[in-house]
Amino acid sequence: MVLKLLFWLYLAGLTLLCLIPPGGVDVGGSDKLAHGAAYFVLMSLAFGVFRGRYGLIWIAFSAITYGIVIECVQPVTGREFSLLDMAANAVGVAVMCGVIVLFSGPRGLLSPEGR
């Protein structure tokens, strides 16, 4: 229950940070690193919440799709569309997937764990 609440709060915060007008958040020269780290954490939380319902690949696909949608909506709020940001988001998701498979094995890649 706490993990689910944390996931939804994190997702809401990430959405807000990604959509606020430019100049609101400054991460210095490490923008791509920040994107990767944010989606690494997102994937970690999403897997913790949804692994009993969906396989790892579906959770990863959803996280990457969320990143693409957010990036496509950003120009509406005055921010720039960036393929490099999308790539950094996807790398963060992929690295977390690698960590998950490394520690839990390939079980649950396509279907929920335990099924």
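How many helices and how many strands make up the secondary structure of the protein chain? The chain has four helices and zero strands, where helices (H or I, at least four residues) and strands (E, at least two) are DSSP runs numbered from the N terminus. Along the sequence this reads as α-α-α-α. The model is predicted, so local features need pLDDT of at least 70 and side-chain atom pairs count only at pLDDT 80 or more, while totals for chains, interfaces and linings use all residues. Residues are numbered from 1 along each chain as its sequence is written, and side-chain values use heavy atoms, with hydrogens and water left out.

Of the 115 residues in the chain, 33% are buried, a term for under 20% relative accessible area, with exposed meaning over 50% and partly exposed in between (1.4 Å probe, protein chains only). Contact means heavy atoms within 4.5 Å. Among contacts between residues at least 6 apart in sequence, 77% join residues at least 24 apart.

Next comes the interior. In soluble globular proteins, nonpolar side chains tend to be buried together. A nonpolar core is a set of buried Ala, Val, Leu, Ile, Met, Phe, Trp, Tyr and Cys residues joined through side-chain atoms within 4.5 Å. The largest one here has 23 residues, and Phe7, Leu14, Tyr39, Leu42, Met43, Tyr66 and Val93 touch the most other members. Helix 1, helix 2, helix 3 and helix 4 (83-104) each give two or more residues to this core, and helix 2 gives the most, with nine.

Met43 counts as buried because its relative accessibility is 0%. Leaving aside neighbours within four places in sequence, Met43 is in contact with Leu56, Ile59, Ala60, Ala63, Val93, Met96 and Cys97. Met43 and Val93 are 50 residues apart along the chain, yet their C-alpha atoms are separated by 5.6 Å. Tyr39, with residues up to four places away not counted, touches partners including Leu14, Tyr66 and Val93.

Finally, there is the second largest pocket. On a 1 Å grid over the protein atoms alone, a pocket is an open set of points with protein on both sides within 12 Å along at least five of seven lines, and lining residues have an atom within 4 Å of a point. The lining includes Phe7, Leu42, Trp58 and Tyr66. Helix 1 (2-19), helix 2 (31-50) and helix 3 (56-73) each supply at least two lining residues, with helix 3 giving the most, five.

Technical notes:
On a 1 Å grid over the protein atoms alone, a cavity is a set of points where a 1.4 Å probe fits but cannot get out, and a pocket is an open set with protein on both sides within 12 Å along at least five of seven lines; lining residues have an atom within 4 Å of a point.
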